[in-house]
Number of protein chains: 2
Amino acid sequence: MIKSRLLAPGPVEVPPAVLEAMARPVVHHRSAPFKELFARVRTRLAEVAMVPGEEVLVVTGSGTAGFEAALLAAVPAGATVLSLHAGKFGERWADMARRFGFRVVVVEEAWGRAIDVDRVRDVLRADPQVAAVTTTHSETSTGVLHDVERIASAVREEAPDALMVVDAVTSLAAAELRPRAWGLDVVVSGSQKGLMVPPGLAFAYLSERAWRRSDELARRGALVPGYYLDLRRERERQAQDQTATTPAVSLIAGLDAALNVLLDEGVEAAWERRAALNEALLSAGEAVGFGRYAERPSPAVAALRTPEGIDAGEVVRQLAKAGIRIGAGQDAAKPHLIRPSVLGYADRFDVVTLAAALEDAVRALGGEAPFGRAAGAALEALAG
Amino acid sequence: MIKSRLLAPGPVEVPPAVLEAMARPVVHHRSAPFKELFARVRTRLAEVAMVPGEEVLVVTGSGTAGFEAALLAAVPAGATVLSLHAGKFGERWADMARRFGFRVVVVEEAWGRAIDVDRVRDVLRADPQVAAVTTTHSETSTGVLHDVERIASAVREEAPDALMVVDAVTSLAAAELRPRAWGLDVVVSGSQKGLMVPPGLAFAYLSERAWRRSDELARRGALVPGYYLDLRRERERQAQDQTATTPAVSLIAGLDAALNVLLDEGVEAAWERRAALNEALLSAGEAVGFGRYAERPSPAVAALRTPEGIDAGEVVRQLAKAGIRIGAGQDAAKPHLIRPSVLGYADRFDVVTLAAALEDAVRALGGEAPFGRAAGAALEALAG
């Protein structure tokens, strides 16, 4: 018997209560029970996003849908967007912005590196046209947590009118994220990561300033048109605990259950727990020859460079044979990067499991890994 | 104790096997088991849509998302779109087309009426610029099944180059729908109607001709840009049993289970069953003073005009008190229209239940309804 374990940086394993909620009979989205559920979910979602009392909009779609909806709601057509990227998702937002006709200026770093705030300052000084700066917070493809707080502060100083647009898809409920204190204008996330819900929902927060900007642009007809992903219409409907089109009600029921689990622990406690688990996982990897890939590790994923001579695809396959699904390296990082993760419904024993599986894989692939070394390193890190 | 029953024209009650599938642990969308599931689902979805062997694309989002994706993939920016409408959803597609900058010409009929094919011919003769004709098949707001076969044939004769774009959100698996035989170019549907899955997935079929058109327009850069709802990218990825962004895997697992139920019965048998059940429901309503609202009734919903002096909102509330959720009338039809439906996981006893509830409501609201008259009419209609 091989037991299945989902230990990738999203989709993640979800709590049993979430699965149970998903299995409940469908509730009509125009009914009073749904409105009640939706109000409760959005209120608590705003707490998780550290913007209590404000509106976090729910979109049926992937994180990409949420990012698109938010970008088009807040940034004027044809404007200059400064896209910070150092991995696959950062690149995606640049591609998206180009596709919609924005002028895109890029600050690019090598995979594994964090965005250099000084370079951001230089570009903003040289290009005062920038209307929005987009960045990922936790870059899932490289395991790097970009320093969004410092980036946002630099943007405020150099380009006070530019909106700060943040992809927090894998960082929400996983890493410290304080939109108000940090002055973030747009924050987007998704259900299948730190919130521990199956994929299919995206979340979008716009600051008061971003909404004012949006209102003004809409009056002038200066926004790129959207229909399904029209956040302005969603804002109007969701203020009435409704949605503009039929939402994925079962996923929203699942989210309600997940928020119970998350808020029972507390958001800040979840940040700490996840950082500690991920750090232990990185230590476990290091103990058997893997290297840290990310300059500034995100708690959402343990990006590990494989030991010399060991192919990352082979490691992923070894773990898959043992029933464990982790993230593989993407694009150019494919041969030497693996991305296990304890972002989901996971605890320290999942870290030990992954540590043991990494040991197994190294041994199976001809490397050296004394029995218990990775597991021991994980346990020691967690005891510390 | 009050038992809850969802008997609205979508979302609908779903089979227990679908709920059970939704409750299974999350499967990673890049894993082999997901690819296998997704391939099986799409193959059978094409069978249900009567286009076996062709590609029906799956989008995470509402039916509106699917319609937008298909419209933008097939119709050149700024082109003339002839929008046929006789209800809320037809209007929505006209609004959407306008929003994206298409020139929109309209053939409008009163709510409850079917689209007049001769008027469509007249407009097409007068306006040879029309690049696409959009219509709903089953107009959920009025309960009318538009004669898409005849409309499509008229479009082919009068404007051979115009694409025929059909909203089959509530008609798929509910009413006869033969995209190939009828020459439909685009067919869009959603999960929460005849397919008996919770909301959150949309489906889009493009004919070979529509894809050729799309390819040619893309080469010329003549399409309205989309990113999340880019069907061209989805076509490429879904041919490899993948999706461009993370899909709602749990809903796809639910869809797999629903397709088992649907294909066990057979699509044509489901059309017949649903038409018979809906006809019986209309007869039941008539037996206690309701009138048929739709000129050409769709099997997806029994649109019933309330008896003189009885407010539709009150009827909806009476049924809600008994635990039964039906569709209310929308917009101007609100005071006099109700929309019960046996589109979902429903059989003849659900029709009898609705018949009894309608009787109850009429009696409670001061109307006349001998005990068993509506239920009897339903049973008689079903015996016929």
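Guide: Let us begin with terms. Two strands pair if DSSP finds at least two bridges between them; helices (H or I, at least four residues) and strands (E, at least two) are DSSP runs, numbered from the N terminus. This is a predicted model, in which local features need pLDDT of at least 70, side-chain atom pairs count only at pLDDT 80 or more, and totals for chains, interfaces and linings use all residues. Residues are numbered from 1 along each chain as its sequence is written, chains are lettered from A and ligands numbered from 1 in the order in which they are written, and side-chain values use heavy atoms, with hydrogens and water left out.

Visitor: How many bridges join strand S3 of chain A to S4(A), and do the two run parallel or antiparallel?

Guide: Strands of a sheet pair through backbone hydrogen bonds, either parallel or antiparallel. Here strand S3 (residues 80-85) of chain A is joined to S4(A) by six bridges, and the two run parallel. Within this pair, A:Leu82 stands opposite A:Val105 in S4(A).

Visitor: What is the order of the strands in the open sheet of chain A?

Guide: The sheet has seven strands, in the order S2-S10-S9-S8-S5-S3-S4, and its pairing is mixed. At the edges are strand S2 (56-60) and strand S4 (103-108) of chain A, each of which pairs on one side only. From one strand to the next, the twist averages 20 degrees.

Visitor: Which strands does helix H5 of chain A lie across?

Guide: Axes are lines fitted to C-alpha atoms, for helices over the stretch in contact (heavy atoms within 4.5 Å), and angles run from 0 to 180 degrees between N-to-C directions. Helix H5 (residues 117-126) of chain A lies across S3, S4 and strand S5 (130-136), at about 150 degrees to S4(A). Helix H2 (residues 32-48) of chain A lies across S2 and strand S10 (201-206), at about 120 degrees to S2(A).

Visitor: Where is the cis peptide bond in chain A?

Guide: Most residues other than glycine have a negative phi, and most peptide bonds are trans. A cis bond joins A:Gly10 and A:Pro11, with omega about -10 degrees; A:Pro11 is in the loop between strand S1 (5-6) and helix H1 (16-22) of chain A. In chain B, the bond from B:Gly10 to B:Pro11 is cis, with omega near -10 degrees.

Visitor: Is A:Ala173 buried or exposed?

Guide: Buried means under 20% relative accessible area, exposed over 50%, partly exposed in between (1.4 Å probe, protein chains only). A:Ala173 has a relative accessible area of 2%, and is therefore buried. Its phi is positive, about 70 degrees, although A:Ala173 is not a glycine.
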